[in-house]
Amino acid sequence: MSALELIRTMWLHSAWADTEIARALATSHHLDDEAWREYLHILGAEEVWLSRIEERTPRAPVWPDMTPAETSAFRASLSREYATLLERIGDDALMQRVTYTTSDGRVFANALGDILTHVALHGQYHRGKVNLLLRQREAMPAPVDFIGYIRGAAAATQTSASTARASGD
């Protein structure tokens with residue numbers, strides 16, 4: 001598998017995981033502002049980094065405030081836009097430098113592949129925080145494990161986690 005194929009797979013996972021987190025939040029009877037804020041940050045960060053890559057003004061801040069309806073449309077748009085970006089580039093593009101300015105005014109330049117990897121991993125970190133908040137409120141977490149995505153099965157639910165422990169996964 002090439003580096004580009006791996007990053008494409010990571011982004012397919014990210015889009016899927018964003019949808020799973022949204023579903024878990026929507027079905028939770030214990031939704032609170034903290035879990036919702038963490039989820040919105042995932043999307044806000046994805047947007048800010050995409051805007052840096054595309055050299056444009058971001059449509060939302062890194063910590064956005066949106067309604068569920070706005071969020072659904074925004075998530076779908078981000079998914080399509082990242083898919084389009086990844087379809088139009090080749091392996092050589094992953095080494096191209098992207099120069100950007102951080103929110104505190106510092107200028108950096110990083111390889112596109114490193115940025116795409118960072119954003120995917122950053123999202124997974126915050127999805128874990130959302131799942132922790134859901135568990136603390138005795139709500140069902142979202143099945144967002146990468147290997148679960150690859151297997152096509154829910155890997156993060158309480159039922160499948162018990163099965164995985166019993167089978168040694």
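**Confidence and aromatic contacts**

Guide: In this predicted model, mean confidence is lowest in helix H6 (residues 158-167), at 39, and highest in strand E2 (residues 107-111), at 98. These values are pLDDT, the predictor's confidence in each residue, from 0 to 100; helices (H or I, at least four residues) and strands (E, at least two) are DSSP runs, numbered from the N terminus. Over residues 155-169 the pLDDT is below 50, and this stretch has 17 contacts (heavy atoms within 4.5 Å) beyond near neighbours in sequence.

Visitor: Which residues and atoms are considered?

Guide: Residues are numbered from 1 along each chain as its sequence is written, and side-chain values use heavy atoms, without hydrogens and water. Local features need pLDDT of at least 70 and side-chain atom pairs 80 or more, whereas totals for chains, interfaces and linings use all residues.

Visitor: Why are Trp-11 and Tyr-82 called a stacked pair?

Guide: Ring centres (for Trp, of the six-membered ring) must lie within 6.5 Å; planes under 30 degrees apart count as stacked, over 60 as edge-to-face and the rest as tilted. Trp-11 and Tyr-82 lie 4.0 Å centre to centre with 10° between the planes, and are therefore stacked. The pair joins helix H1 (residues 3-27) to helix H3 (residues 68-88), 71 residues apart.

Visitor: What makes Trp-11 buried or exposed?

Guide: Buried means under 20% relative accessible area, exposed over 50%, and partly exposed in between (1.4 Å probe, protein chains only). Trp-11 has 7%, so Trp-11 is buried; Tyr-82, at 2%, is therefore buried also.
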